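Dear colleague,

Please find the structure below, handed over for your study.

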Amino acid sequence: MTKNWKLKEIVMLSIISVVAGVLYMFFVLFASTLRNVLTPIGLAPFSFEFVFGLWFIGSVVAMYIIRKPGAALFTGIISAGVEILAGGPGGAKVLIIGLIQGAGIETAFLLTKYNNYRLGILILSGMIAAIYSFVYQLFASGNLDLAPSVLIGMLSIRLISGALLSGVLGKWIADKLACTGVLDGYALGKEVRKKREQDAA
Amino acid sequence: MNPVMKLLAILVPGLCLSLFYDWFTPLFYFVFLLCMTFGYGKIPLRKGLKIFALFLFLSFGFGWTAALYANDSFTGGDVLFTFGWMTLTTGGLQTGLSIMFRSLCFLMMSMMFIFTTDTTQLMMSFIHQCKLPPKFAYGIIAGYRFLPVFQHEFQLLQKAHQIRGVDRMRGIKGKMHRFQRYSIPLLANGIRKAERVAIAMESKGFTGDRNRTYYHRTYVTARDWIFFAMMVGMLGVGAFISYKLGYLKVFHKQF
Amino acid sequence: MNKMLHKRVNGDEHANGSNWRETKRPLVTIENFSFAYESLEEAVLRELDVTLYENEVTLLMGPSGSGKSTLSLCLNGLYPEAVEGETAGSIRFRGEHLQDSPAGTWSKQIGVVFQDPEAQFCMIHVADELAFTLENMAIKEQEMDEKIDEVLLLVGMEKYKHRKLHELSGGEKQKIALAAVLLLEPTLLILDEATVNLDPHATESFINLIQHIQEERQMSVFIIDHQADAWLNMTDRVLLLGKNGRLLQDASPEEMFTTYKAQVKEAGIFIPKKFSSHSFGACLYTRSSTQNRNEAKDAETVMRLEHVTYKRKTRTILKQIHMDIPKGAFISILGRNGAGKSTLLELMAGIIPPTKGKVYFQHRPLQKWKETKLRQQLGFVFQNPEHQFITDTVYDELVFSMRLNEEPREKMEATATYLLEHFQLESEKYRNPFSLSGGQKRRLSVATALDDTPDMLLFDEPTFGQDAETTARLIHTIFELREKGITIMIVTHDMDLAAISDMVYVLHEGEIAYHGAPDTLWEQEDLLRAAHLRRPLEAKYVRQKVGEIG
């Protein structure tokens with residue numbers, strides 16, 4: 001699966017993972033603070049859900065830029081590793097959820113045989129990752145204990161968050177990045193350049 | 001100690017721990033980890049305590065939420081107090097404590113790992129014990145090296161933004177803009193450097209295949225297996241004591 | 001010694017007009033070689049015909065965008081794999097075609113030290129990085145430590161074996177990069193603008209090291225640089241590459257900078273100070289600048305620092321700094337790495353508050369200023385232009401703060417048009433700032449600070465890593481601004497820049513060790529040595545260059 005990866009692509013994904021991993025750690029702190037605030041007004045279980053999509057944004061960006069099987073999974077795991085090494089609170093558990101979220105993003109592209117990188121598929125990938133992570137947490141984080149109505153609410157918010165904060169925001173960031181010209185040697189940059197040339201012609 | 005084995009010795013009990021829903025088992029395991037981590041002596045006490053204090057607060061939050069929002073099958077037992085719409089029951093309290101101790105266990109385990117593991121050794125161990133292709137192992141370290149560079153760049157960006165008055169932009173659009181203004185320069189610079197590093201590595205004869213020697217070799221020794229057995233075994237002991245005392249709970253099932 | 005003798009013989013033969021190159025053995029033969037990136041219709045390199053010889057030191061010069069670095073990568077056999085591109089013609093290494101060999105074959109014969117000290121390593125510790133090269137060559141584990149110690153001794157870094165790479169200075173990093181490459185025992189060493197990102201002290205030390213190693217190891221060295229001065233002592237031959245990617249000239253250094261001087265100048269390349277003469281324009285510029293210098297003396301104070309002390313954690317970076325900055329002056333702050341120069345500039349800009357003491361701007365303490373007003377009156381240009389870019393187009397970048405201040409549309413248009421024209425960015429109006437060339441980025445970063453006419457402009461190392469043309473343009477801009485009465489304050493390692501300023505401050509160990517006119521600074525031997533400063537070779541030359549462009 002990864003035979004045709006170039007060294008520069010591996011290093012680049014690794015760098016994206018480093019940026020993502022550090023961001024993820026800040027998101028945990030941010031969401032935790034939010035939760036402690038929301039607890040007295042009865043919205044605590046939702047605090048993480050609102051921003052949950054941010055935890056897959058690295059994988060979406062990676063896949064959208066490189067367009068090779070395994071990119072999302074790789075970024076999911078490495079960014080989780082960086083999050084742990086940078087002092088994130090989740091511990092080894094983060095590694096597993098990183099893998100699961102990466103697999104979620106990967107699934108959407110697998111379904112389209114890695115041929116379609118339009119916004120719709122990116123949004124779908126974010127939503128699948130939301131579902132995967134939700135199912136995992138039912139067991140791993142003891143969410144099964146929570147009341148069903150709360151669970152349904154959590155899932156809906158997580159789906160929306162996955163669609164917007166990873167799918168839409170991920171595409172937006174990657175497109176902005178392509179405009180700077182640094183991606184010219186990668187799949188996304190080449191596509192952008194081709195489009196530009198067509199427009200000019 | 002072999003880094004991959006150490007990782008396993010943390011992942012396996014970590015996953016198992018997720019199955020126990022009583023409060024005694026995670027508490028027992030937490031005390032064991034506490035003795036292990038600080039007894040081992042490799043962790044700087046002061047730094048360890050600082051991180052510990054921060055996350056004690058976080059895990060308290062986890063427990064607090066669970067205690068109040070636990071579903072009906074867990075909220076049995078006597079009502080301890082009611083405040084407005086909030087009701088705390090003994091069942092809820094037990095669930096809360098269980099989740100709080102569990103997350104403290106996770107914290108202790110990751111601290112144990114971070115403070116005693118060298119990144120280079122970890123990646124070498126992945127090559128030798130997990131057959132990770134060298135192309136990936138070295139590529140990952142090459143990217144990971146940039147962590148301190150990014151910290152420095154981030155501070156510079158903050159200063160530059162103050163000069164240009166970015167903070168004066170308001171509303172959602174301003175927020176989005178700020179997110180963009182940090183992520184684009186960091187990523188753009190990072191990607192450019194990725195390309196340069198890859199070229200530099202290849203120009204030093206790196207092809208990514210396995211036909212190479214290693215400055216560091218990692219091995220799995222008896223010590224690693226003993227450590228692994230101890231980490232898993234103590235969780236078993238905790239569960240057993242819990243069972244004898246009548247607390248043990250796996251998912252919803254009381255033993 | 002042997003080498004020097006050899007060189008002299010070559011020189012004599014050359015003077016006699018005989019074709020001395022034929023007596024040498026060819027190492028790399030480039031024949032009718034062209035290269036184009038996939039994206040460009042225009043080739044970066046065109047029909048090159050060059051031969052590099054064994055044990056010869058060749059210097060390749062060319063303006064930005066002439067494909068210098070592309071050539072270095074082609075020589076290494078990394079293209080077309082590392083970056084896609086199309087090639088025509090051939091490159092042969094000792095008679096064998098580079099392009100036909102599998103990846104990694106030739107990289108062991110040809111070592112490259114690249115420009116960016118941050119982006120040459122893949123390991124965390126020095127020893128591991130050096131071992132990486134040895135691992136690639138499949139050297140036995142038992143032999144590695146000995147080889148690592150040996151090469152560290154050669155580059156004079158034996159104390160750094162167990163240090164972390166990111167803690168080293170730029171100059172130290174480049175020495176480790178060199179050591180890593182030397183472990184390959186290359187027959188050809190390529191230095192791809194390896195000193196561009198180093199300060200003058202580190203550059204000198206690096207070049208001395210290269211000279212020493214070349215004499216000891218007798219290998220071919222291929223140097224790519226846009227400044228020849230420091231390399232002249234060891235260079236046998238100079239190649240001149242034009243903007244269109246064609247080889248314009250191939251000659252000995254003497255010949256290149258005397259006979260073909262006009263051609264070199266036309267290509268936009270600095271003539272080494274050794275070969276340049278004073279011109280009428282230079283005198284003119286000198287006089288006008290001294291005139292201003294006298295005026296500046298009686299001018300009022302624009303900024304005042306009173307007993308400013310700055311501590312980071314427990315370390316004192318600056319202690320008891322006292323400064324009075326006259327209006328309309330052009331001032332340089334000098335000092336070795338880590339002397340606190342950039343910190344001082346940031347204190348002046350009010351980005352960081354002093355631990356003790358006060359900074360007054362226009363007679364008001366900085367903290368009493370309204371942020372908006374202060375930023376209009378006090379501009380700051382960062383060392384890396386990219387840090388300042390916050391929008392998606394050059395135009396938006398220029399009007400950003402005017403938009404925030406809700407200025408009228410006409411004023412925005414007029415200012416933007418003026419700045420675009422003045423900084424030669426008209427054709428880039430809608431480009432993304434990040435995609436500009438290095439020189440264009442530098443110009444844009446200066447332009448963004450000039451949307452309002454500020455009273456004072458602070459520059460952090462504005463010429464660092466810039467080529468000759470950008471540097472000259474920048475100096476020209478600085479003089480223009482000073483004519484308008486704007487106070488200019490720069491932190492720099494560039495002694496040529498210091499030599500033409502009205503006043504210099506030298507920071508040493510957190511204190512001001514000297515302040516006054518630059519001319520008297522050059523006499524203070526001890527201070528120059530302690531603060532890692534060097535006397536400018538020929539200060540007037542820079543003035544001449546500025547005069548020409550102006």
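Within β17(C), the bridge partner of G379(C) is L457(C); strands here are DSSP runs of E, at least two residues long, and helices are runs of H or I of at least four, both numbered from the N terminus. This is a predicted model, in which local features need pLDDT of at least 70, side-chain atom pairs count only at pLDDT 80 or more, and totals for chains, interfaces and linings use all residues. Residues are numbered from 1 along each chain as its sequence is written, while chains are lettered from A and ligands numbered from 1 in the order in which they are written.

Strands β16(C) and β17(C) (residues 456-460) run parallel and are joined by 4 bridges; two strands pair if DSSP finds at least two bridges between them. Strand β16 of chain C (residues 378-381) is covered on both faces, with L378(C) and F380(C) buried on one side and G379(C) and V381(C) buried on the other. Buried means that 20 or more other C-beta atoms, placed from the backbone, lie within 10 Å of the residue's own.

Chain C also holds an open sheet of 6 strands with mixed pairing, in the order β6-β7-β8-β3-β9-β10. Its edge strands, each pairing on one side only, are β6 (110-113) and β10 (247-251) of chain C. Inside this order, β7 (residues 188-192) and β8 (residues 220-224) of chain C pair in the parallel sense over 5 bridges, and I190(C) has F222(C) in β8(C) as its bridge partner.

Yours sincerely

Terms used: A residue is buried if 20 or more other C-beta atoms lie within 10 Å of its own, exposed if 12 or fewer, and partly exposed in between; C-beta atoms are placed from the backbone.
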